[in-house]
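Please examine the sequence and the structure shown below before reading on. The paragraphs that follow move from one part of the structure to the next.

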Amino acid sequence: MRVSSNTQYIMGTYNLQSKGSQLNRLNEQLSTLKRINRASDDPVAAASLVDINQSKSMNTQQSSNAKAAASQLAITDTILGNVSNTIISIKTLAVQAGNTVLTNEDRQAIQNEMREKVKELVSLANTTDGASNYIFGGTDKSKPPFTMTIQATVPQLDINYQGNDQRQYMAISSSREIAVTEPGSVVFGRTSTPAGPAPAGPTAAGNELWQSLSVFDEALSAGSVDPNYATNIATAIQGLDDGLSQVLASRASLGSRMQETDSLIEMGDALSVQYASQISNLEDLDLAKAVSDFEMARTALEVTQKTFSQVKSLSLFNYL
Amino acid sequence: MSGIFSIGISGLNAARAALDVTSHNISNVNTDGYNRQRLSQSAATPQFVGYGYAGRGVDLYAVSRLYDGFMDEQLQNVTASSSGFQTQATALSDIDNLITDGNAGLSNLMQGFYASLQTLSQQPTSIAARQSVISQAESLSGRFQSMNTRMEEVRNGLINQINTSVEGVNSYARQIAALNEQIISLNQGEGRVPNDLLDQRDTLVRDLNKLIKTDVVEQSDGMYSVYIGQGHPLVIGETSYEMTMMRGAPAQPEDPEAPSLGIKLPGTNNTVVLNSQLIAGGSIAGAMTTLNYDVARVQADLGRMAVEFSDAMNRQQALGVDLSGLPASTPMFADLTAFRTTAENATTPAGEAKAMRDALRRFAVAVQEPSQLAVASGLQAGATTPVDPTEVPGGKPSISAIWQVSNLSPAANPTLPAAPALALNYIPGNTPPFEADFGGTIVPVTQSATQAGVYEFTLASGQHIAFKFEGQAATNQTIPVTPRTGAAGESAQLDNANLLEMARLQTRPLMAATPNSTSTFLPAVGAARTGSLQSFYGQTVSYVGSRTNVVQVSLTAQEAALQEVKLKRESFSGVNLDEEAANLIRYQQAYQASSKVIQVAQEIFQSLLDLR
């Protein structure tokens, strides 16, 4: 083939440019340690990366939600522990009050102690968290969930729920939202107004705790002259037991949710490792291959440069 | 005797002329588009001198160039397509860098926005957490804006490039017409043509092809006719036509900024519009392709993301109540739905792209006050009452959360009216144990397919309502459901049901795929929405990536082809200095030999004169 003087320059520049751009690309990959630096490097993997990054970010957020839920649930659990203890000590008082040899003064003393315990119970039910939100108010934070009045007329002890039945939820996985609050109506009941005829009567499902406290209080005020005294005390003890199991049922449900959050936090950690390795598989550079490619490209460029400079110095004019 | 002189002189002239041609070749070794030249010579017609025909020296008849028209045409074609791909590759790699970069792309900010929603769900009353949602929304809309600004830079850059190229085309066309005129007047016939002007004209055609692919026809008189866009004349003989870039109508009536090309008819004010699809190569075609398909598609995609995302958020926001318990008064984002209507009514891709571009420009956060975010549900459930009046009220089960799920466009998004009354009836033993009673009409309740523990139903008037419940009872119960109006006693600041529904939009399919078509960038109205915002963005990223990749691969191939053709042309027409150096010696020797002939003739004359 006939070769013109420009051939070697055209070929030389083209080869130098294409080898240079190859080297440049490898250099970029080596300095970012990524195989994909822009979508065109691998369009399909780039689109998958967008999706996986979203899953990873959602997983991180869900883990953080699970942790927040766990701490919120733990606060509620601690308070319900105190509530149980208080109910048990009121029940002890009720058992004491069942003793027929008690004098009116003794009953008065028991009533005073019992009313203090009830105040303690209501204040526990009105507990707020760090952000001054009522823990047992449903989703209502405008007012304390429970009102309590102690007065001389019947009903002497009046406790009522003024929150709602709704709960705050947090998303701890893409398909699961966990309730982080327990409405007071579910844990404690709505009202102390007995279901039966005043002043004291049978307790109704869901409201046993408050109603039995009211029944107990009325019984203590009426004293042993009331022919129903013993029955009422027994109703109160039974109601306190029912109320306690209602609180314990809420605690059990809290406990199972706390377990769920714990296992989800662990799973979230495992998943985040998984996502990181998926991302790494897609975009990370095979370092050994890249370094050896780089060496090869560098050698090729050097050789091209050397041959170009030698070929270009050949000319017949040098001998004329 | 005089024969020796004239033969010697003809040899001397021939050698000198050959030296001229050789030195012309040497001096033009680096001239772009130069074809090496050669002197054509032949032995002169002999003369009969009795004993036979005696030679009369050498005749020179032409200086011709070593030119292969087929090779030149190949070179022009490859130049046009390689320059077209070059323009596309440059613009696309800008978009490619913009859309993928983890720090400049949209992914991170979309994730940041949804993460702020989740954080707010942990503490729905926190003003700081609410403010963070607004700030994240502002960063997100800001990023959409800045991506659009970069896309606008690319778009305007391409339009400017087309405009400048059109001026270049006109200038080349005028020069080619002028050279046509010069060449025809200097043509001496019988192959005696001004070679260097022909070279210049071919070079101009090649430069013209860098801008726009042309078809060149050589007329019988040696003039070039140059056509573009399948038969529109640009140069005919000594006349050149003026090409213009127009904006908007008549070719692009729906986008006053969109460029189109035309050719002015000489002597009139009429302009013929060129179909840009028929321009097959050159940087103008490359810029047009990138502008009409890639830039427009990416802007339409980003615009649709902005429109659908803001519309979905606004629709859910409209169904909730704010921190003061009042139905949401402010949309979360500026309302962009009018641009969707404009785009849907547009009949050209440019019109669609313009509407979406305008939407992107106006994408902004509308809500100012953190308290205005509608975190809480617009619905509330009352206390559970037994259906049997002899039973004690206030029992179980309870509705722990109830909210309305927004309908996506084009469906209406009505809120629950105060009347007729809506109630949820609990019927133990049924699966699920609920039915909805809307003013006496019973609506069945189904379990959600995607969310654990969520039940849902849709009223005939379009409200799609979801709820969760806790507890169970042995007998039938009923629970009233009412819209929140801000009345005292409805307070539910810790309710985050509406916010959680907003957060679910992260994975809810909001986007219908962009049709794989060059005539529209919008899916049909009401087309099935199949992808979340993020996966739709992934598709856009993948589109840009593949397009850039394809164009870069084609560019590499075309550059290699250009290289091949250039080398082929060089091999045939290029100057080789070694060859010319040898020729220098050769013609120098011939010159010296012819000089010697004259010297011998002179000496013979001298000998004759000396015979006295």
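The model under discussion is a predicted one. In general, two packed helices are described by the angle between their axes and the distance between the axes.

On the side of α2(B), the contact is made by Ala91(B), Asp94(B), Ile95(B) and Leu98(B); on the side of α4(B), it is made by Met147(B), Arg150(B), Val154(B) and Leu158(B). By class, this contact has six nonpolar and two charged residues, and no polar ones. An α-helix has 3.6 residues a turn, so residues three or four places apart point the same way.

The next helix to consider is α3(B). Its 16 residues reach 23 Å from the first C-alpha to the last, which is close to the 22 Å expected at 1.5 Å a residue. Is α3(B) largely enclosed, or largely open? Of its 16 residues, 12 are buried, so α3(B) is largely enclosed by the rest of the structure. Among the buried residues are Met110(B), Phe113(B), Tyr114(B), Leu117(B) and Leu120(B). The surroundings of these buried residues come from both chains: they pack against α2 and β3 of chain A, and also against α4, α9 and α10 of chain B.

The meeting of the two chains can now be viewed as a whole. In total, 66 residues of chain B are in contact with 59 residues of chain A. Several elements of chain B supply at least two residues each to this side, including α2, α3, β16 and α11. The largest share, 18 residues, comes from α10(B). Divided by class, the residues on this side of chain B are 22 nonpolar, 37 polar and seven charged.

Finally, chain B also contains an open sheet. Strands of a sheet pair through backbone hydrogen bonds, either parallel or antiparallel. Here four strands follow the order β16-β22-β21-β20 in chain B, with antiparallel pairing. The edge strands are β16 and β20 of chain B, each of which pairs on one side only. Two bridges join β20(B) to the antiparallel strand β21(B), and Thr446(B) stands opposite Glu456(B) in β21(B).

How values were computed:
Residues are numbered from 1 along each chain as its sequence is written. Chains are lettered from A and ligands numbered from 1 in the order in which they are written. This is a predicted model: local features need pLDDT of at least 70, side-chain atom pairs count only at pLDDT 80 or more; totals for chains, interfaces and linings use all residues. Two residues are in contact if their C-beta atoms, placed from the backbone, lie within 7 Å. Ala, Val, Leu, Ile, Met, Phe, Trp, Tyr, Cys and Pro count as nonpolar, Asp, Glu, Lys and Arg as charged, and the others, Gly among them, as polar. The expected span of a helix is 1.5 Å times one less than its number of residues. A residue is buried if 20 or more other C-beta atoms lie within 10 Å of its own, exposed if 12 or fewer, and partly exposed in between; C-beta atoms are placed from the backbone. Two strands pair if DSSP finds at least two bridges between them.
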